[in-house]
Amino acid sequence: MALLFAPECAPFAIAAAVLAGLTAIEMLATVMGFSIMEFLGKPDFHGHDGFSGYLSWLNVGGVPLLILIMLALGFFAMTGFAIQAVANAFWAPLPAAVAAIPAILVAVPMVRASSRTVARLVPHDETYAVDLDTLIGRTAEVSLGPLDQGLPGRVRVKDQHGNWHVLRAKAARDQEPLKVGTEVLLVDRTADVFIAIPALADPAAADNQSFREQP
């Protein structure tokens, strides 16, 4: 345990602390209806030569930037602590700068492999940019809720290209809370917050009622 707080492990301890902080902030932000991951989005670059080629190999742009940062911090910290533990068992902990070099060299391919796995598991990575208004009238599923008239929750919806999107959403006025897993119909939006009703609701009745939030 003393090795965790030793000066030789300072870079790895800092990386682990930053990772824990980012995780806590993202969880708190998600509960409040906001996501740092969506705010940062994915890096947008083109080219496969030179530095851009290296970034492409590392899968930068293939997953949200926050996930890539968290993977890098996690593998760097884990690898660094492992290197120092082995060195301490056989002789003595290495200087922090010396231990950081193999930690980076080992962490980089681990980040690449894990980011490609994550990219296959995250279904809402968009291939086409779509107009948000085209998502109105589509059926979605509540993924973070329940949806009510308070803080926005989250719904998952597929666009015309077959790509999934995670959107902020609220329940329509006078609508009962919509639980996680409920299929809903997106009937309107205010800025980037969509208004939802149960998918089984009569669309004709929805047309006769205003669901837009009052300012």
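Welcome! The protein chain holds 6 helices and 5 strands, where helices (H or I, at least four residues) and strands (E, at least two) are DSSP runs numbered from the N terminus. This is a predicted model, in which local features need pLDDT of at least 70 and side-chain atom pairs count only at pLDDT 80 or more, while totals for chains, interfaces and linings use all residues. Residues are numbered from 1 along each chain as its sequence is written, and side-chain values use heavy atoms, leaving out hydrogens and water.

**Overall layout**
- From the N terminus on, the elements follow the order α-α-α-α-α-β-β-β-β-β-α.
- Of the 215 residues, 34% count as buried (under 20% relative accessible area; exposed is over 50%, partly exposed in between, with a 1.4 Å probe and protein chains only).

**Salt bridges**
- The whole structure has 2 salt bridges, each being a side-chain nitrogen of Lys or Arg within 4 Å of a carboxyl oxygen of Asp or Glu.
- Arg189 pairs with Asp133, their closest N and O atoms lying 2.7 Å apart.
- Arg189 is in strand 4 and Asp133 in the loop between helix 5 and strand 1, so this pair ties together parts 56 residues apart in sequence.
- Arg168 and Asp192 form a salt bridge at 3.3 Å, N to O.
- Arg168 is partly exposed at 23% relative accessible area, and Asp192 is partly exposed at 39%.

**A look at Pro146**
- Pro146 sits in the loop between strand 1 and strand 2 and is partly exposed at 44% relative accessibility.
- Beyond neighbours within four places in sequence, Pro146 is in contact with Pro177, Leu178 and Lys179 (heavy atoms within 4.5 Å).
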